[in-house]
Amino acid sequence: TNNGTINLSAGNMSNGGGTLINNGTISKTTAGAFGIDLIWSNAGTINVLAGTLNNASIGGRNFTNTGTISISSGAIFDNSGNYNYNGGNITGTGNFNQTNGSLTLNAALTIPASLIFTHTGGTTSGAGTLTITDFTLSNGTINGPGILILNGTTNWVNGTINRNFTIAAGNTLNIAATYTQLLGGTLTNNGTINLSAGNMSNGGG
């Protein structure tokens, strides 16, 4: 259990059967990547100040967050493992990348407009409402019983949305893809949709 401060530079923490509980502060401080592959949780603060912090917890291991993740400009929090979002917040001006594994929303999550959110693989699911501003879905699946609210400009390049979602008034969804986009939820458009390439297939929505 960390009640103080842990500074990470490069390397990784791998599973040896233990658990990391953060009630204090974990900071990724330098360029390069640091991976965490174990059962761990955050009720305190994670600062990604530089480089990439990768949640790589897989195979029954997972990361559970109820605290704060702050991502500085140019820095990346990369989720390629199992991430349970049970509350807290994600802030900053850097990048949150969903690249593999699963992001399970057990509470409502709003990605601030200052943060870049990309979805290149894996699955985002859960009952919590997901609100994103200026978003690119290039692969993977967004599903589950929760609502997806898209603000700003959304670029849907590839992948599947199997969740009810809304394009807010004054905002734009661009669909330009080589592949067929699969829509399994109900789409409510209060803004603008531009379909310039590819196809949109109704998967039951």
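You're looking at a predicted model, where local features need pLDDT of at least 70, side-chain atom pairs count only at pLDDT 80 or more, and totals for chains, interfaces and linings use all residues. Residues are numbered from 1 along each chain as its sequence is written, and side-chain values use heavy atoms, with hydrogens and water left out.

**The salt bridge**

- Search the whole structure and you get one salt bridge, meaning a side-chain nitrogen of Lys or Arg within 4 Å of a carboxyl oxygen of Asp or Glu.
- The partners are Arg61 and Asp37, whose side chains meet at 2.8 Å, N to O.
- Arg61 sits in the loop between strand E6 (52–55) and strand E7 (63–65), while Asp37 belongs to strand E4 (residues 33–42), so the pair ties together parts 24 residues apart in sequence.
- Strands (E, at least two residues) are DSSP runs, numbered from the N terminus.
- Both Arg61 and Asp37 are buried, that is, under 20% relative accessible area (1.4 Å probe, protein chains only).

**Rings and the core**

- The largest nonpolar core has 40 residues, and Ile71, Phe77, Tyr83, Ile90, Phe96 and Phe165 have the most contacts inside it.
- Such a core is a set of buried Ala, Val, Leu, Ile, Met, Phe, Trp, Tyr and Cys residues joined through side-chain atoms within 4.5 Å.
- There are nine aromatic pairs, where rings of Phe, Tyr and Trp (its six-membered ring) have centres within 6.5 Å; planes under 30 degrees apart count as stacked, over 60 as edge-to-face and the rest as tilted.
- Phe63 and Tyr83 make an edge-to-face pair, 4.9 Å centre to centre with 70° between the planes.
- Phe63 is in strand E7 and Tyr83 in strand E10 (residues 82–85), so this pair ties together parts 20 residues apart in sequence.
- Tyr83 also pairs edge-to-face with Phe77, at 6.0 Å centre to centre and 70° between the planes.
- Phe63 is buried at 0% relative accessible area, Phe77 is buried at 0%, and Tyr83 is buried at 1%.
- Ring pairs link Trp40, Phe63, Phe77, Tyr83, Phe96, Phe117 and Phe135 into a cluster.

**Ile111**

- Ile111 lies in the loop between strand E14 (109–110) and strand E15 (116–119), and is buried at 2% relative accessible area.
- Not counting residues up to four places away in sequence, Ile111 touches Ile90, Phe117, Leu130, Thr131, Ile132 and Thr133, with contact meaning heavy atoms within 4.5 Å.

Key. Helix = DSSP H or I, 4+ residues; strand = E, 2+ residues; numbered from the N terminus. Buried < 20%, exposed > 50% of the residue type's maximum accessible area, 1.4 Å probe, protein only.
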